[in-house]
Each structure stands twice: as C-alpha cells, then as structure tokens.
Amino acid sequence: MFWDTLGYIVIAVGVSFDLLGTIGLVRLPDVYNRLQAATKCVTLGTAFLLIGVFIVSGFNAMGIKALVCAAFVLITSPTGAHALARGSHRGGVKLWEGSVKDVYAEDNPE
Amino acid sequence: MKFIGEFIILFGVWLLLTWTLAPAQVIAGAVITLLVIGLVGDLFVFKARALNPIRIFWAILYVPYLMWYIILANFDVAYRVISPELPIRPGIVKIKTSLKSDMAKTALANSITLTPGTMTVDIKDDELYIHWIYIHGKDVHQWTKSIVGRFEPMLRRIFE
C-alpha cells in the first residue's frame, strides 16, 4: 500500500514536469530555447514516470524494464538534443532576435 | 579484455530487460550479444582502468550529485516557462575545458545539457559551445567558471 502511494506520487510529479516541459515548448521563442525545455523538464519528467512505474510494480519484468529505460532516457536525451541543436545551427536556423550573444556563429563564419 | 567487458555489459542489459533465467531467453541473449559485438563492437570505448574501484566510487557518487543539479535545473526552467514575463536572455557562449579524454568530454557535455539553463551545441577540441537560457558574465573565463566549475573536478577523478 505504502509503495503504491509513493509510486503514484512519483508518477504524478513526473507528469507535472512533462506538462511544464510541453508548456515551455509552446511558450519559448526559438528552437534552442525549446530544446532546453524539452531536454530538462521532459527528461526528468519521463525518468520520474518510469521510476514511479518501478516503485509500483517492484522487481519484476515490467519494473526492471522501466528502470533500465529511465537510465537510457537520461543518457540519450541530452545527446539527441545536442545533435538537434548543432544540426539546426549548421542548417542556418537563426537564434531568437532577443538573444544576446552567438559566439558559435562568430567562430564559424559561413 | 575488451570483448569480455562488452559481453558482460550487453548480456547484463539483456538479462535486466528480460528479467528471466529461462534457458531459451538466456541462449537467445548470448547469441544476440555475440552478434552485436561482432557488428558494432569496435564502437565501444572500454578500458581496463575503468574497473579501478576509486573511479567506480566517484562515478557512483556522481549520480546523486548530478541528480541534484538536474532537479534544480527543472525548477529553474519550469519557473522561466510559467512566469508571465518570460525571463530569458538566451545566447550561445564558448567555454574551455581542461578535461582530455573523449569519454570525459562526452560526460561533461551531457551533464551540462541536463543542468540549469545550459545545453551543449558543439565540441571542438577543448572548447565547448553552450546555449544558455540566461547569460551571466562577460567573457570565456567567467562562463567557464559558472558552467563547468561544479562538474570538472569530479569528472577528472572518474575518467582521467
């Protein structure tokens, strides 16, 4: 009973972070800022969700799979964001006009 | 040595994912593990010195340390997202790292991406380009200090 409650609380926290991440995806101005929201809130949100599943189901096939998936999400998500950001910049996607600096563009002229 | 290390890691992941010791599953796992090592085994970076207990100790310590900063990062970004005036001052800055090995730089780049308001865009030798959602400071030294200062000492103990 205790573990079920704890698991559901962790899942609820994860879903809340996922929700904030998606709000960020809509509100923030450009690709790079949106990736920030997508990598931080959504990574942790999804990891929490999967850890919650592990707490509820315990040491069985489903729980362990969820735990291993959480580890993979934490490793692959920043790598994917990095590839997307680099690809966008190289592909000529401009930063939002309110941005203060772009050292990457200064160091890599077209 | 490299082969044994790869086999233990991949077969371990297989056992965790299937979570059964039924002979059919174990044999299938062993065959697939060998197949994967044969196809892409060259891509793995596996060094015997990774088994050094002091490195493993620091690596285990690094997980909760990083977790703490990831949670801080989430509240930071969540606050920026839901506050009505959208307090962001984004841009791409450059920092220098003193880490040498590729493994350490990759770990640093991923740690930076997961932590407050920063995201790695590109790595060139010892320079990392970071997208920062709210830029503080003026030059490479100040940026370096506030972004990588908290990770470098631990990563150096783990990887170098």
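This is a predicted model: local features need pLDDT of at least 70, side-chain atom pairs count only at pLDDT 80 or more; totals for chains, interfaces and linings use all residues.
Me: Which residue forms a salt bridge with R86(A)?

Reply: Between chain A and chain B the count is 2 salt bridges. To qualify, a side-chain nitrogen of Lys or Arg must lie within 4 Å of a carboxyl oxygen of Asp or Glu. For R86(A), the closest N and O atoms are 2.9 Å apart, and the partner is D122(B).

Me: Which element gives the most residues to the side of chain A that touches chain B?

Reply: Polar contacts at this interface come to 11 residue pairs, both residues being at pLDDT 80 or more. On the chain A side, the elements giving two or more residues include helix 1 (2-27), helix 2 (31-57) and helix 3 (61-90). With 15 residues, the one that gives the most is helix 3 of chain A.

Me: How much area do chain A and chain B bury between them?

Reply: Good one to close on! The contact involves 45 residues of chain A and 43 residues of chain B. In chain A, R27(A), Q36(A) and K40(A) lose the most area to chain B, together 17% of what that side buries. Carbon and sulfur atoms carry 71% of the buried total, which is about 3,700 Å².

Terms used. Residues are numbered from 1 along each chain as its sequence is written. Chains are lettered from A and ligands numbered from 1 in the order in which they are written. Side-chain values use heavy atoms; hydrogens and water are left out. Contact means heavy atoms within 4.5 Å. Buried area is the accessible area (1.4 Å probe) that two parts lose on being put together, summed over both. A polar contact is a pair of N or O atoms within 3.5 Å; within protein, one must be able to donate a hydrogen and the other to accept it, and residues adjacent in sequence count only if both atoms are side-chain atoms. Helices (H or I, at least four residues) and strands (E, at least two) are DSSP runs, numbered from the N terminus.
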